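Please look over the structure shown below.

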Amino acid sequence: MTLELKHFDPRLNHWIYIDDSKTDSQSILTEKLSNTLLEFYFPGKEFSFGHSDEYSNDEELKNHPDGQILLLSSKTRLLYGDKECLETIQKICPDSKDRGAYGSIFLGACKNAIHEKLNILVVDDSTEKAGENGGILSNDLAYKLVGDCYGQISTQLYDKITLRESQADKSYRVIQHRFGWVDGVGEDTTKYRFGKGTLRPYRLDRIKYADTKNEPKIDIILPISSFKGTDKDRPKGPTKPQIQPGLYQQNIWLAEKGQSQQGQMSISQLLASFPQGIKDFAEELEVQAQRLASIEDDPRIVATYYCERYEKRKESLSQNKLKTSDIINQETDVKNLGTNDDLDADQELDDDPAKDDLFMYKLIKADLLGHQQLLETEKVKQELSRFVQSEWRDIAIGKTLTFDRGMIIPSKELKNGEICAPWLKLGEKVLNFRSPFLNSNGLCVSTNKHVEDQIGPDGKVLEGVIVVSDEDHKRIQARITELEAQGIDVDFIDPAETESERQARDYDGDCIGVALASKYPNLTAEAEYRNQPQNAYAPTVKLKKQSFYDPTDGSQPSFEKIAIHMSDSISVGIINNQVTALEALESEIEVLKTYSTFEQKSNYLDQVSNHYKTLFEQERQKEPKLIREEYKPYMQGVVEIAHSQRTPEIIQQAMDINRQMYRSMIEEGCYQNQIAVDLFKSAKKPEMDKIRENSRYLYRDVNYIKDKKSRSVYLSTGITPKGYSPVELLISQANKYFQESQLESRPIVQFKDLFKGVEFTPQQKFAAIAAKYEFDQKFNAAVRMERRRETEKGPSAIIQTPQSCQLEITNLTHYEHPLIWKAQTLNIRLDEIPEKWRTKERPHKLLAVAQINGEIGEDKKPAYRNLGTVSQQSVTDHNLKSGMTMQGAKLLELKPELTRSQTKLLFDKAQETALAFYASIPESEKLASAAAAWNICASRQDELEVARKENANPQAIAKKVSNFAFAAFPNEIISRLDKLQWEQCDFVRSDKKSAIAKNYISVRSCFIYK
């Protein structure tokens, strides 16, 4: 079952095309989704995808080229379909917010799916009605088998849905699932039902029933919490009440989304909060930096290290079930494998880890084992350069530091403060955290205890699972009461937050990172100290999800308005960054207190107090900027102390006051972050005005939080730290060793003899030329879009001047000229953007200011408004200068922006072109066709032709990568590497300073370097 969905731009109300054709439906960007709940509910129906951004409005979301309407959303992803689908959608999700809150359940592609009649035991997993299940099992037993979105699946059904018998690795794992059934089919006769969660394989055929005279077959056990989509908040009462506990025989669609697996989780998020803890890691990171500095200029050693890193990560992911269908399009940094630090549970398992080796890894590995013939192609050089850059960045910010990762399931055998990491010893202390990590409350130190829940049906430990306690306050209090009644001294209390609350755990696919506490004594000691009741942050209040219902009449706003509300993915990032910055500044105080001189502390006090004085001055200006009353006393206290006679004790007093303010701001930030995280499930919005105001109170910019995301960082320059927070200390350490990598490549023409001796026909060459042309069109369009997205957001406008010059005006949504979308004639003036306003994200030099459609202002003069930035390419092509004007220009086209996922689709389309060409070639002709393709791609003529067209110096142009040959014929290229293909030497020049010239003479590949 596969859906094909076309993409369109709601703002512009037209399809997104993958080439210059604007009428050919075959050229519309499409996406394929297999095994979706959406297709189960709507077989044979056609759907399409739109996308929203921070500038979208609800009216734009009503647009569609074919008149479809908005049915579901998943954050900024919008699903459109025929109006006749709406009635069913409203039955499935009578509360409109659920069409956005659970859109991902319907749209997420799954690995395998079944649709058949099953016996489903529904169990109440709430503490109040613990284990109620209609009397089939005892309540105690039923309660032990469920948790928040966690249940059990029979081994027979597990084998069927996971295709276990056909797998080489038959280890049992917990599965992440999606399910649904329709109205009027089965014993739940009145309602559509759907949901998600995790299922543990279990011998349900051996389960102990409550009544030996009533032992019906059970295929799966689902908790009530797995069922989504009721309208319990409807003021006049629900039209779709929650399902009741009991046994149901139901025709159900059940799909496997993913499986538990052990992996690695970066701990870089933790470091800002633990200034003492970094002592456990500083030496390890320094060794990594020293090693990278010593090898980064030699392509052979870098290539060996690249393969080493890949193999280590692949081993940790137990990737022994390899597929052959997904080789090439995974040419991403090898380090991305298994590091889902910033993803939620749905995203965590979206990518199948059991994929074939990365093509680049296979190519580089084969070349290392052979004669190192392609290490200096531009293709390999770019990959190794990206790898080196990524390694430097990750070493600097501590991202190379990892804990073991596994999927969590709950156990009623574990008390709060206990954990079961099966591969760690009984009784050991275990550090554990969940991503995303917000503050030090989230790092728990738990005691390892082995429990039955870790065991699979075969008696072996379940793969990739960590078992945790889901004990809540009511159960803890009951335990205390029971012990006291027995006259036993109780040496624990009901904490302000349980470990489950501290990490905001649920069990629909969440993963945590774990490590032996004894390996990291400083981090463990600091975590234990910071989580003592008197030292911990105040618990983050998690508010009840707020409905969109009007309490007076029960009406709901349009779904377009709800979807706009839920698409806000920016607020959570802004709040997260502010909380991280505050934690860094709080930790900086601890670093200064422990390690700095009196002079450094005094200098710190000067910087902070001077900043607060500036804020007080801004309160007294003509248009005052008032300081929030919550934080004003802290600032006054610091400024007063700064004016007094300075002693170590006085400075410490000022630091303590500042630290208390930061802690209060962190607690507020965490509260607002929780609201922002729930935006796609609740009508309540975070108070972003408070967050923006709080940002004024930070005495400096913690720049690494933003700089680490720059595409250019650690290419020629590293991150410049501005203070003494934990991560900035690690960055300073890495920077001592960082130098720009000197890896070089040679023109592809020097590798033309890779297929020497393989004959091909003119027809095969012409076929390769045609296929390469089609591939290059799509691939280059994707590259252009990817580069554009770095500096330009939203749609762009193509403007034609009376002189027939075509200009591209970008960042239209940022400047918000209201008339551009209906523009006919434009009078344009080009203004210079002052250098101080240019940034890496927006480096443009010229701003287009326009009067559109003859608009006249209130002063009766032509109304000129900021329109957008002039694209860099247009400035170069037409030699545009500030002060130029253009009268009577016309709007030719509004071009949509492609999102990151849409751009990936474009790369996939290019890949499909190459694979389709390969598949069309008879097996006996594949090697000859590969030789023909290589011959075209390795030609000097192509490079010189590009240089002539661009009037460029042939020596100065970027070297060809020849992506087509590598995409279409990966195995044929690799097959040529075990033998030396070059039999003569060419003499070429090389920069005397290059690593090649300094380090070796490459006789092996038959080139002598001078």
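## Strand β10 and its partners

β9 and β10 pair in the antiparallel sense, over seven bridges. In this pairing, histidine 177 stands opposite glycine 197 of β10. This is a predicted model.

Strand β8 (residues 150-154) pairs with β10 in the parallel sense, over five bridges. Here glutamine 152 stands opposite arginine 200 of β10. Strand β12 (residues 227-228) pairs with β10 in the antiparallel sense, over two bridges. Glycine 195 has phenylalanine 227 in β12 as its bridge partner. How enclosed is β10 (residues 193-202)? Nine of its ten residues are buried, so the strand is largely enclosed by the rest of the structure.

## Overall fold

The secondary structure comes to 31 helices and 28 strands. The radius of gyration is 31 Å, close to the 30 Å that the globule rule gives for 1010 residues. The protein is therefore as compact as a globular protein of that length. Along the principal axes, the C-alpha atoms fill a box of roughly 90 × 80 × 70 Å.

Of the 1010 residues, 54% count as buried. The protein exposes about 45300 Å², and carbon and sulfur atoms supply 48% of that area. Now take the contacts between residues at least 6 apart in sequence. Of these, 77% join residues at least 24 apart.

## Helix α15

Helix α15 (residues 559-566) is mostly covered. Six of its eight residues are buried. They are Phe559, Glu560, Ile562, Ala563, His565 and Met566.

What do the buried residues of α15 pack against? They pack against β5 (69-74), β6 (77-81) and α3 (98-101).

## Aromatic pairs

A search of the whole structure finds 34 aromatic pairs. One of them joins tyrosine 158 and tyrosine 172. The pair is tilted, at 5.2 Å centre to centre and 45° between the planes. It links distant parts of the chain, 14 residues apart. Tyrosine 158 is in helix α6 (residues 155-162), and tyrosine 172 is in the loop between α6 and β9 (175-181). Tyrosine 158 is buried, with a relative accessible area of 1%. Tyrosine 172 is also buried, at 9%.

Phenylalanine 917 and phenylalanine 969 form an edge-to-face pair. Their centres are 6.1 Å apart, with 85° between the planes. Phenylalanine 917 lies in helix α26 (residues 900-919), and phenylalanine 969 lies in the loop between α29 (963-968) and α30 (970-975). The pair therefore ties together parts that are 52 residues apart in sequence. Phenylalanine 917 counts as buried at 12% relative accessibility. Phenylalanine 969 counts as buried at 1%.

## Aromatic cluster and charges over rings

Phe40, Tyr41, Tyr102, Phe106, Tyr192, Phe194 and Trp253 form one aromatic cluster. Phe194 falls within the residue range of β10 (residues 193-202).

Two arginines sit over rings. Which ring does the charged end of arginine 77 sit over? The ring is that of phenylalanine 49, and the charged end is 3.8 Å from its centre. Arginine 164 lies over the face of tyrosine 172, at 4.0 Å from the ring centre.

## Backbone exceptions

Most residues other than glycine have a negative phi, and most peptide bonds are trans. Some places in this model depart from that pattern.

The peptide bond from serine 435 to proline 436 is cis, with omega near 5°. Proline 436 lies in the loop between β17 (429-434) and β18 (444-448). Tyrosine 714 is not a glycine, yet its phi is positive, near 65°. Tyrosine 714 lies in the loop between α21 (704-707) and α22 (726-735). It is buried, with a relative accessible area of 2%. Asparagine 879 also has a positive phi, of about 50°, although it is not a glycine. Asparagine 879 lies in the loop between α25 (872-878) and β26 (885-895).

Conventions. Residues numbered from 1 in each chain as written. Predicted model: local features only at pLDDT ≥ 70, side-chain atom pairs only at ≥ 80, totals over all residues. Heavy atoms only, no water. Phe/Tyr/Trp six-rings, centres within 6.5 Å; stacked < 30°, edge-to-face > 60°. Helix = DSSP H or I, 4+ residues; strand = E, 2+ residues; numbered from the N terminus. Buried < 20%, exposed > 50% of the residue type's maximum accessible area, 1.4 Å probe, protein only. Lys NZ or Arg CZ within 6 Å of the ring centre and 35° of its normal. Rg over C-alpha atoms; globule rule 2.2 N^0.38 Å. Contact = heavy atoms within 4.5 Å. Areas by Shrake-Rupley, 256 points an atom, 1.4 Å probe, with all protein chains shown as cover. Pairing = 2+ DSSP bridges.
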